[in-house]
Amino acid sequence: MSNQKKRNFQIEAFKHRVVVDPKYADKTWKVLEHAIHEIYNHNASGLSFEELYRNAYNMVLHKFGEKLYSGLVSTMTSHLKEISKSIEAAQGESFLEELNRKWNDHNKALQMIRDILMYMDRTYIPSNHKTPVHELGLNLWRDNIIHSSKIQSRLLNTLLELVHRERTGEVIDRGLMRNIIKMLMDLGSAVYQEDFEKHFLEVSAEFYKVESQKFIECCDCGEYLKKAEKRLNEEIERVTHYLDAKSEIKITSVVEKEMIANHMPRLVHMENSGLVNMLLDDKYEDLGRMYNLFRRVPNGLLTIREVMTSHLRETGKQLVTDPERLKDPVEFVQRLLDEKDKYDSIINKAFSNDKTFQNALTNSFEYFINLNARSPEFISLFVDDKLRKGLKGVSEEDVEIILDKVMMLFRYLQEKDVFEKYYKQHLAKRLLSGKTVSDDAERSLIVKLKTECGYQFTSKLEGMFTDMKTSQDTMQGFYASHPELGEGPTLVVQVLTTGSWPTQPSSTCNLPSEMSALCEKFRSYYLGTHTGRRLSWQTNMGNADMKATFGKGQKHELNVSTYQMCVLMLFNNAERLNYKEIEQATEIPAPELKRCLQSMACVKGKNVLRKEPMSKDIGEEDAFFVNDKFSSKFYKVKIGTVVAQKESEPEKQETRQRVEEDRKPQIEAALVRIMKSRRVLDHNNLISEVTKQLQQRFLPNPTEIKKRIESLIERDFLERDNVDRKLYRYLA
């Protein structure tokens, strides 16, 4: 194979030159031109597309592409000029129908022509940078039909007129509109935008400007918003039916600007129907509509939020500063809870649980609850009322709901330590008088407080419950070791740890001899079983059950305080006693004694004593004797039950003083903690850090922080910098 001689193949040109008929191009073009005319005249069925394709192919092959292309342009242009005249001649509503019909015809013709000239489309056009046949057909339609001087403005006006008619309630041919708009879009986005959309948006803006002005003059806010919402939905629907999808955002912006953004202040402040009225009347549907419409425009939700916050702060301020409402603490707190429930419901149902609105609500409540210095006390009184009697017969779930609501108000308090002081006092009274409805509810609230504020906040409260349980065990042990005490008076002692319970001024009182002996036996027993402890009797915190027989042998069991028992026992040995004699015999402090006598002699239905002269107040010259005519339909009668009362002014000052004293070590501890970790810190930053650390419990006063800093400097915990006196250093 390798030895064989290699052969070279050569292709030679024709020896005779191929001569093309000089009239070939004209003849062939004439055939193609005739075919284009026939296509436009709807006579294409008799044409041989294969032959026509071959003719076009040969023309391009023989370098007559330019002749073919320019011939196509002039033929199509002349046809389109004729079509233009026929469209111009159409009158009234048939104008768009004629335009649509001719457009469809042109598209079909263009499809056939493109098939015939496919070879030119694929070879000649790309290499010579010409416009492809289909695109060329669209451009020629645009220039000769759409941009024709007699059609362009007429088309625009007709389309805008139809949109206007539809807006005013007429039914139009949406299918025809869709076809015409699609034609503009097919001709290119620039044609759709310049020849229709731009003008459509301008006319729409004017339409809605006029309409919104008309509506706002004659409608209330709720009605206006309904109309605005309806118009917005109509425009969105219009886009889906016959406009370009990209027009939606543009036309909705026009409606939003003209119908909502331009009238926002007037709408929210509209007299008798604006935002405040909607809030007052719980108009969830209108509020929801306002929220959904206003959220579409810049600063819309901010406007609603500001008006709502301003209204809420104003009503809240009135609520917490109205002297009438401050008379009943339970009602005061209930109103706060009702207000919170109301706005929670509005934000949930109308404002899509919007976090920014929830924050605004929280800030408003924090603002006005702390305007009233007695809010911590009142919230504690509300809890006291609920846990004494308000939760009787209420299911566990409902109890939890009420306690959660209380905790929510508690979170708003800046002075949480003041609440703790009052809560402790009220809890002590509930536990000692056995008046708590449910131990579970009490413990549940303490757990919630512990979760919110930490162990320190509730350790003493938990200690109070521990004391109550321990006291029960102690009493069982006492009676077990003294079986002889089965007869006679029964003693129940609660031994309270001094640090855990609210401090009470220890006041002396002469107990009746029967009780005094029993108390001494308990003291001996207790100190015998516990070493290193000291007992002091808090007679002002106790109570007693007594059996009493009145005139005509009427018997009752009286539930009284220890002081009242001491007074009543005196009448076993005397018919009549004056105030001075009672005071001398019992040694009860004068204010307590007067209150005690008042509750037994001046309260209708509880007046087991009578006094002379009869008056509401107790005087030092008054004389007292047993009311033989006392009667009650109940066998057991409660007299002067210890209830949580609002504090008197001196008591309030004393509580405030105790709170301030308790704060001092906490401020100092925070100062030392911060300075220990930072070593050196300037005055302003130190104040800021201390406030930040303590705000969970209370808002420290900068003046008090300054005093504590001075105290720490005196005790060599801190020192001032020698150069910069505002700089502090920590001394290890």
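Guide: What follows treats the cysteines and then turns to a charged patch and to two further residues.

The model is predicted, so local features are taken only at pLDDT of at least 70 and side-chain atom pairs only at pLDDT 80 or more, whereas totals for chains, interfaces and linings use all residues. Residues are numbered from 1 along each chain as its sequence is written, and side-chain values rest on heavy atoms, with hydrogens and water left out.

A disulfide is a covalent bond between the sulfur atoms of two cysteines. Here the term is applied to a pair of cysteine sulfur atoms within 2.5 Å. A search of the whole structure by this criterion finds zero disulfides. For Cys219, the closest cysteine sulfur belongs to Cys218 and lies 3.7 Å away, which is too far for a bond. Cys219 is also buried, its relative accessible area being 8%. Buried denotes under 20% relative accessible area, exposed over 50%, and partly exposed the range in between, with a 1.4 Å probe and protein chains only. Cys566 likewise takes part in no disulfide, the nearest cysteine sulfur being that of Cys509 at 3.5 Å. Cys566 is buried, with a relative accessible area of 3%.

Charged residues provide another view. Glu396, Glu397, Asp398, Asp439 and Asp440 form a negative surface patch. Patch members have over 30% relative accessible area and no salt bridge, and like charges are joined within 9 Å; nonpolar side chains (Val, Leu, Ile, Met, Phe, Trp, Tyr) are joined within 5 Å. A salt bridge is a side-chain nitrogen of Lys or Arg within 4 Å of a carboxyl oxygen of Asp or Glu. Helix H19 (396-412) and helix H21 (439-453) each supply at least two residues of this patch, and the largest share, three residues, comes from H19. Helices are DSSP runs (H or I, at least four residues), numbered from the N terminus, and strands are runs of E of at least two. Glu396 belongs to helix H19 and is exposed, at a relative accessible area of 66%.

Two further residues concern distances along the chain. Met59 sits in helix H2 (residues 49-61) and is buried at 0% relative accessibility. Its C-alpha atom is separated by 93 Å from that of Thr691, 632 residues away along the chain. Arg388 is part of helix H18 (residues 375-390) and counts as buried at 11% relative accessibility. Arg388 and Leu431 are 43 residues apart along the chain, and 9.9 Å separates their C-alpha atoms.

Conventions. Accessible areas come from the Shrake-Rupley method with a 1.4 Å probe; for residues, only the protein chains shown count as cover. Lys and Arg count as positive and Asp and Glu as negative; His and the chain ends are not counted. The place of a charge is taken as NZ of Lys, CZ of Arg, CG of Asp or CD of Glu.
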